[in-house]
Amino acid sequence: MSVNIQPDNTNIEMAMRSRKRIGIIMVIMALTVVFACAYIALRIILQTQATDVPLVGKIISIALLMTEAFVVFQSISYAINFISALRAPEPARAEITDWTMAPSVAILVPARHEPYEVLERTFLCLKNIDYPNKIIYFLDDSSEERYNREAEELATTYGLRIFRRQKRHGAKAGIINDIVKTLDTKYLVVFDADQNPMPGFLKNLVPIMEADPKLAFVQTPQFYTNTEASAIVKGANIQHCMFYEFICEGKSAGNAMIFCGTNAILRLEAIRAVGGLDEGSVTEDFATTIDWHLAGWKSLYNGQVGTFGSGPEALDIYMKQQWRWARGNIGVLFKVFRTFIRHPFGMTVRQWWEHFATGSYYSIGLCYCILMLCPITQVFFNLPVFHMNGLMYVCLFAPYFILSLTIFFLSMYRRNYAFGDLMLGILLGFVCFPIYVKALFAALLGIKSSFNVTEKRSGSGDVPYRAFIPQLVMWAVNFTAIIWGLQRIAVEQTPQLGVSLMWTFYHFIMLSAIFYFRLSPTRWGAPDNVVQPTGEAAPNG
């Protein structure tokens, strides 16, 4: 008797549609790169040919060209990650038949002066992780007796081992390095105090680590659970999504994933091989990743969500968080430069590219400033800072701009993110441009920044306007430029100002978001005096 097995036409049709969509996306990406490169090339040619220009105009024009080149670089980086993510294979997994014989894992929770309720919730989740050979360590770095007593109580209740040190150094990286010297487990996992892992966290990751002895770590995503508390935390969560979706997946496919400081499993041998976590940076996670890749260790990202945390609910707290992340990342960028000069062949081209892209990301704040100031300068002072006529601009830049936005929104739409939520994340990043500029110059001038965990309190009222003076000044200047530019076009018949006027209006609308974000979280229904955790890991770029 023969059995005639018919193919599943539904699955075949879905696969064909998926391949067709991916093919369309690839075409869009190719066109984006072509238009971007053509635009930058033409800008460089026209810039070199512009001779009868005042010195101030030349300086501003060159700054604008460099800014545009940086934005194109970041756009191409995103496109590369997206393509890589689409083609990334599933990670290899070792088969573990007897979990009682699985490798030992030390779970580390560094904390300093954290609320008892936050720690209790975290340690309850850690205790419930379904893995027999685990040891939970509470790295108590507190300096007050009250917190020490609470730590002892938590240790008794949840079966923790408390680790303390006599001399504080290197903040979070320092205390982890100190305990690493005492551990004899094969792996360790780091969780920040507010991170709540799911029971299957280790059984998902340990087989991946076991499959490749050169794998230094596997990073997992971090998402917020209190997204309905305010527009701030919702926007911050969307920014996490932007980073932890295609960007991390693409980096991982190129063996260029970065350690994000929490929600990751690490090989103890790899940490010791590079002398411990880098204590010289407030983003010790990214800095140590450079050492691992330079030493030939591999990195991986696993996108299965296994941990949840809480995000900052007020704009001023969010901006403090962004300051620390930006200052740390830009500081690591200098390490990337130094390492590249000394060991240009120490990493692959893709790894260098990704680390430069990650380290330089927060330079976007200065780029925002230049992009806002250039059209304003042209409107008020008629300086020729943009050496390209309107037709060339429409034919080259407009297609690049539209196509790059299409790639971004298409990629996030594939993961079911709404347009409005994505715009919320974009606007939140835009209004923080002064923080990024401050971080950039602090790094350039060598101003040290201490490691400070980020509060996530809900706040008791609207954030005062004095906290946003740079944003408000720029908002007012853009508004004035719009009025002045419209008057010039009407009276002087200068239609060439149209492009500059368009951008001033665009920036004015973007900056207007500050009036929305500064509102108290209670305006969105968040309860007052809610105890929130105070520490989390950074999505580095």
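# Loops, a pocket and a cavity in a predicted model

N263 sits in the loop between α7 (231-253) and β8 (264-267). Helices (H or I, at least four residues) and strands (E, at least two) are DSSP runs, numbered from the N terminus. The phi of N263 is positive, about 60°, although N263 is not a glycine. N263 counts as buried because its relative accessibility is 0%; buried means under 20% relative accessible area, exposed over 50%, and partly exposed in between (1.4 Å probe, protein chains only).

The model is predicted: local features need pLDDT of at least 70, side-chain atom pairs count only at pLDDT 80 or more, and totals for chains, interfaces and linings use all residues. Residues are numbered from 1 along each chain as its sequence is written, and side-chain values use heavy atoms, with hydrogens and water left out.

## The chain as a whole

The protein chain has 18 helices and ten strands. Of its 541 residues, 55% count as buried. Take contacts (heavy atoms within 4.5 Å) between residues at least 6 apart in sequence: 84% of them join residues at least 24 apart. The accessible surface of the chain is about 24,100 Å², and 62% of that belongs to carbon and sulfur atoms. These areas come from the Shrake-Rupley method with a 1.4 Å probe; for residues, only the protein chains shown count as cover.

## Loop residues

| Residue | Relative accessible area | Class |
|---|---|---|
| N263 | 0% | buried |
| D194 | 3% | buried |
| A193 | 3% | buried |
| E95 | 73% | exposed |

A193 is in the loop between β4 and β5. D194 is in the loop between β4 (187-190) and β5 (196-197). The side chains of D194 and Q195 are joined by a polar contact of 3.1 Å. A polar contact is a pair of N or O atoms within 3.5 Å; within protein, one must be able to donate a hydrogen and the other to accept it, and residues adjacent in sequence count only if both atoms are side-chain atoms.

Which residues does A193 touch, leaving aside its neighbours within four places in sequence? The contacts are V109, P110, A111, E114, V118, L119 and T122.

E95 lies in the loop between α2 (55-87) and β1. Its C-alpha is 8.5 Å from that of A211, 116 residues apart along the chain.

D278 is in the loop between α8 (268-273) and α9 (284-294). A polar atom of the D278 side chain lies 2.7 Å from the backbone nitrogen of G280. Beyond neighbours within four places in sequence, D278 is in contact with A173, E284, A287, T288, D291 and K335.

## Empty space

Rolling a probe the size of a water molecule over the atoms shows where empty space is left. On a 1 Å grid over the protein atoms alone, a cavity is a set of points where a 1.4 Å probe fits but cannot get out, and a pocket is an open set with protein on both sides within 12 Å along at least five of seven lines; lining residues have an atom within 4 Å of a point. Grid points are joined across faces, edges and corners, and a volume is the space filled by probe spheres set on the points.

The second largest pocket has a volume of about 560 Å³. Its lining counts 22 residues, of which P89, P91, S252, L300 and Y301 lie nearest the centre. α6 (201-211), α7 and β9 (298-301) are the elements that give two or more residues to this lining. The largest share, four residues, comes from β9. Eleven lining residues are nonpolar, seven polar and four charged. Here Ala, Val, Leu, Ile, Met, Phe, Trp, Tyr, Cys and Pro count as nonpolar, Asp, Glu, Lys and Arg as charged, and the others, Gly among them, as polar.

How many cavities of 30 Å³ or more does the structure hold? There are three. The second largest cavity has a volume of about 60 Å³. Its lining includes A111, H113, E114, L119, F138 and D140. β2 (134-140) and α4 (145-158) are the elements that give two or more residues to this lining. α4 gives the most, with four residues. The lining divides into six nonpolar, two polar and three charged residues.

H113, one of the lining residues of this cavity, sits in the loop between β1 (105-111) and α3 (116-127). Its phi is near 60°, a positive value in a residue other than glycine. A111, E114 and L119 also line the second largest cavity, and A111, E114 and L119 are among the contacts of A193.
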